[in-house]
Amino acid sequence: MSNQAVSAACCPSLTERRVPAEAAAVLAPAFKALGDPVRLQLLSMIASAESGEICVCDLTPAFDLTGPTISHHLRTLREAGLVDAERRGTWVYYRARPAMLRQLSALLTVTPAAAATDRPDCS
């Protein structure tokens, strides 16, 4: 199922109805990609870039990691559908994919009715 097909079928909140298997199969890799702290930080830097995109040359110095390691993390974000990349000369520029971020956000939105029944575990 394509991301566009998932967009049409998805995504009421987890608290509103069950996630269809097809939507889960498309969205799970994005959640998995965000399970790594470096990738979460990279996505945050990309999504919050003032111009809407950011050069890999500005991402790499923010981490105490090698260039190939950063490239691996960025490739994982691309493959998960979270970012797009465009090569310009020797540099690659990244921008977030807002539609995918909206799908993930909508899925995790807790409705007021569900929040009212939420009780912290005070064991």
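Reader: Among contacts in the chain between residues at least 6 apart in sequence, what share joins residues at least 24 apart?

Author: The share is 58%. A contact means heavy atoms within 4.5 Å. This is a predicted model: local features need pLDDT of at least 70, side-chain atom pairs count only at pLDDT 80 or more, and totals for chains, interfaces and linings use all residues. Residues are numbered from 1 along each chain as its sequence is written, and side-chain values use heavy atoms, without hydrogens or water.

Reader: How many helices and strands does the chain have?

Author: There are 7 helices and 3 strands. Both are DSSP runs, numbered from the N terminus: a helix is H or I over at least four residues, a strand is E over at least two. Their order along the sequence is α-α-α-β-α-α-β-β-α-α.

Reader: Why are β1 and β2 said to stand at the edges?

Author: Two strands pair if DSSP finds at least two bridges between them. The open sheet runs β1-β3-β2, with antiparallel pairing. β1 and β2 each have a single partner strand, so one side of each lacks a neighbour in the sheet.

Reader: How do you know that β1 and β3 pair?

Author: Strand β1 (residues 54-55) is joined to β3 by 2 bridges. The bridge partner of I54 in β3 is Y94, and that of C55 is Y93.

Reader: What makes β2 and β3 a pair?

Author: Strand β2 (residues 83-88) and β3 share 6 bridges, in the antiparallel sense. D84, for one, has R95 as its bridge partner in β3. The hairpin of β2 and β3 has 2 residues between the strands, and G89 takes a positive phi near 65° there. Helix α5 lies across β2 and β3, at about 125° to β2. That angle runs from 0 to 180 degrees between N-to-C directions, with axes fitted to C-alpha atoms, for helices over the stretch in contact.

Reader: Which residues of β3 sit on its covered face?

Author: V92, Y94 and A96 do, while W91, Y93 and R95 are on the uncovered one. In a regular strand, side chains alternate between the two faces of the sheet.

Reader: Why is C55 called buried?

Author: Buried means under 20% relative accessible area, exposed over 50%, partly exposed in between (1.4 Å probe, protein chains only). C55 has 2%, so it is buried. C57 has 29%, so it counts as partly exposed. Of the chain's 123 residues, 32% count as buried.

Reader: How many disulfides does the rule give?

Author: The count is 0. A disulfide would need a pair of cysteine sulfur atoms within 2.5 Å.

Reader: What makes S13 buried?

Author: Its relative accessible area is 3%, so S13 is buried. S13 lies in the loop between α1 (3-9) and α2 (21-33). Leaving aside neighbours within four places in sequence, S13 is in contact with A106, L107, T109, V110 and T111.

Reader: How do you know that the side chain of S13 makes a polar contact with the side chain of T15?

Author: A polar contact is a pair of N or O atoms within 3.5 Å; within protein, one must be able to donate a hydrogen and the other to accept it, and sequence-adjacent residues count only if both atoms are side-chain atoms. The S13 to T15 distance is 2.8 Å. The S13 side chain also reaches the backbone oxygen of T109 at 2.2 Å.

Reader: Which residues touch the most other members of the largest nonpolar core?

Author: I46, L74, L77, L82 and Y94 do, in a core of 26 residues. Helix α3 gives the most to this core, 4 residues. A nonpolar core is a set of buried Ala, Val, Leu, Ile, Met, Phe, Trp, Tyr and Cys residues joined through side-chain atoms within 4.5 Å. Beyond its neighbours within four places in sequence, Y94 has contacts including I46, L59 and L74.
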